[in-house]
Each structure stands twice: as structure tokens, then as C-alpha cells.
Amino acid sequence: MIEEHREDAEAAFYIDPPYTLAARRLYKVWQIEHSRLFAAMANCKGDFLMSYDNTAEIAKLANKHGFESRPIAMKNTHHAKMTELLIGRDLSWLDP
């Protein structure tokens, strides 16, 4: 879908890939090239929002591609409080 719509400036993507830490445990099909996904989004003309696990690896990928990232509170399936990252080109709408 990303390749098919990457030239469309009106397209908007919400991306929630298998997280880097828990994916193996949670999903049958979980292996993706996270760096390839970030590069693909850097080449898209439309806007996007990604939710990801809050790891140094993912924050580094976001920074490398010039994306903004913000930690947000969430609860996992066991209701434990955690943070995940929201990633996009412009997350100013999250600021108070």
C-alpha cells in the first residue's frame, strides 16, 4: 500500500508494525525490516503517523529520517503502564 500511494500527497497512513521487542511472542508473522519501513515513509509525499515501541533503536531511526517522536502512555495486554512512541513528520498537534 505504501508503494502504491507514495506519490499521493493527499494520502495519509497509520502504521502500527509489529514492535521490535514483543513481536516474536505476539505474532505468527512478525519479522519486518524496520529501517526499510522508515525509509519508505521518508519517500512518501503524504502524511503518516506510526506507533512503535519506545526503544533506542526506533528513536534513532526516527531521528535519522528527520521524523518527530513523542512518548505516550499506554497499557499492555496485562494492563501494565508503559510508553510507546508516536512518530510522524509534525507532531505539534500533541503539544499543549
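Predicted model: local features only at pLDDT ≥ 70, side-chain atom pairs only at ≥ 80, totals over all residues.
Me: Why is Ser51 called buried?

Reply: Buried means under 20% relative accessible area. Ser51 has 1%, so it counts as buried. You'll find Ser51 in strand E2, residues 47-53.

Me: What makes the link between the side chains of Ser51 and Asp16 a polar contact?

Reply: The cut-off is a pair of N or O atoms within 3.5 Å, where one must be able to donate a hydrogen and the other to accept it. The side chains of Ser51 and Asp16 are joined at 2.9 Å, and that pair is listed as a polar contact.

Me: Now helix H3, residues 34-42: which of its residues are buried?

Reply: His34, Leu37, Phe38 and Met41.

Me: How do you know which side of H3 they sit on?

Reply: They span an arc of only 95° around the axis, so they end up on the same side of H3.

Me: And what covers the buried residues of H3?

Reply: The cover includes helix H1 (2-5), strand E1 (12-15), E2, helix H4 (56-64) and strand E4 (81-88).

Me: Let's stay with strand E4, where Leu86 sits. Is Leu86 buried or exposed, and how do you know?

Reply: Its relative accessible area is 9%. The limit for buried is under 20%, so Leu86 is buried.

Me: What is Leu86 in contact with, leaving aside its neighbours within four places in sequence?

Reply: Among its partners are Leu49, Met50, Ser51, Ile72 and Trp93.

Me: How far apart are the C-alpha atoms of Leu86 and Tyr52?

Reply: They are separated by 6.5 Å, though the two residues are 34 residues apart along the chain.

Conventions. Residues numbered from 1 in each chain as written. Heavy atoms only, no water. Helix = DSSP H or I, 4+ residues; strand = E, 2+ residues; numbered from the N terminus. Buried < 20%, exposed > 50% of the residue type's maximum accessible area, 1.4 Å probe, protein only. Arc of directions from axis to C-beta. Contact = heavy atoms within 4.5 Å.
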